[in-house]
Amino acid sequence: MYRDIVDFALSTPAWLHTLAEKGTDAGLFLFAALFAWCWWRERNGPARDLAITIAGPAGVVCAYVLSEVVKTFVREDRPCRGGIPTIAECPPPSDWSFPSNHSVIAAGAAGALILAWRALAWVVLPLAAVMAFSRVFVGVHYPHDVAAGFLIGLALAPLFTLLLVGAVTPMVRLARSRLSPQRAD
């Protein structure tokens, strides 16, 4: 399946190659902007809702760190090392393939954003899936790398976010009480 996708990708127009290579990183910046928008939206809302928005990026980082740990144990070579022509330049030999960190981050951000604002699901889930697929399209990951990364991010980032909310909510209440003593949450 990897070879079929990469062969197809090479037959597509150059503008699509650029979009696939740059689009994943651009999508991550879009997710960061959406976290900021969620923070702005919840800044005067209930403390727990604001805490979810604040804890979301930390949940994504926790999922990413766990995926890095998995990579060091699995140590799967990148598919592009086999001499197959690809759109993207193959990462260095010490950069392992399984799981795809881009997929972990994209799916994790989508999952954490959905916790913060459910109405975003119809935008962030398909965007995360396209961003994850682009890693196979450009030739730097096998499909199973991307699928595993997507599942790790989508499951663990929201879980870590919810675990962190218990610690962040009291901090939000404390900060609000010091900034606005008359406000009760």
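Trainee: Among contacts between residues at least 6 apart in sequence, what share joins residues at least 24 apart?
Mentor: That share is 78% in this protein. Keep in mind that the model is predicted.

Trainee: OK. How many helices and strands are there?
Mentor: The protein has 6 helices and 0 strands. Along the sequence the pattern reads α-α-α-α-α-α.

Trainee: What box do the C-alpha atoms fill?
Mentor: Roughly 65 × 35 × 20 Å, taken along the principal axes.

Trainee: And how much of the protein counts as buried?
Mentor: Of its 185 residues, 44% do.

Trainee: Which residues of H5 are buried?
Mentor: Val124, Ala128, Met131, Ala132, Ser134, Arg135, Val136 and Phe137.

Trainee: What do those buried residues pack against?
Mentor: Four helices are on the list: H1 (2-10), H2 (14-42), H4 (101-116) and H6 (143-179).

Trainee: What happens just after H5?
Mentor: Gly139 takes a positive phi there, about 100°.

Trainee: You mentioned H4. Where does Gly108 lie?
Mentor: Gly108 lies in helix H4.

Trainee: Is Gly108 buried or exposed?
Mentor: Buried. Its relative accessible area is 0%, and the cut-off for buried is under 20%, so Gly108 qualifies.

Trainee: What does Gly108 touch?
Mentor: Leaving out residues up to four places away in sequence, Gly108 touches Val60, Ser103, Gly153, Leu154 and Ala157.

Trainee: How are Gly108 and Ser94 placed?
Mentor: They sit 14 residues apart along the chain, and their C-alpha atoms are separated by 24 Å.

Trainee: New topic. How many aromatic pairs are in the whole structure?
Mentor: A search finds 4. One of them is Trp39 with Trp40, whose ring centres are 6.0 Å apart.

Trainee: Why is the pair of Trp39 and Trp40 called tilted?
Mentor: Because their planes meet at 50°. Under 30 degrees would count as stacked and over 60 as edge-to-face, so this pair falls in the remaining class.

Trainee: How exposed is Trp39?
Mentor: Partly exposed, at 41% relative accessibility. Trp40 is also partly exposed, at 48%.

Trainee: Last one. How many positive and negative charges are there?
Mentor: There are 15 positive and 13 negative charges, and their mean positions are 12 Å apart.

Key
Residues numbered from 1 in each chain as written. Predicted model: local features only at pLDDT ≥ 70, side-chain atom pairs only at ≥ 80, totals over all residues. Heavy atoms only, no water. Buried < 20%, exposed > 50% of the residue type's maximum accessible area, 1.4 Å probe, protein only. Helix = DSSP H or I, 4+ residues; strand = E, 2+ residues; numbered from the N terminus. Contact = heavy atoms within 4.5 Å. Lys, Arg positive; Asp, Glu negative; His and termini not counted. Charge placed at Lys NZ, Arg CZ, Asp CG, Glu CD. Phe/Tyr/Trp six-rings, centres within 6.5 Å; stacked < 30°, edge-to-face > 60°.
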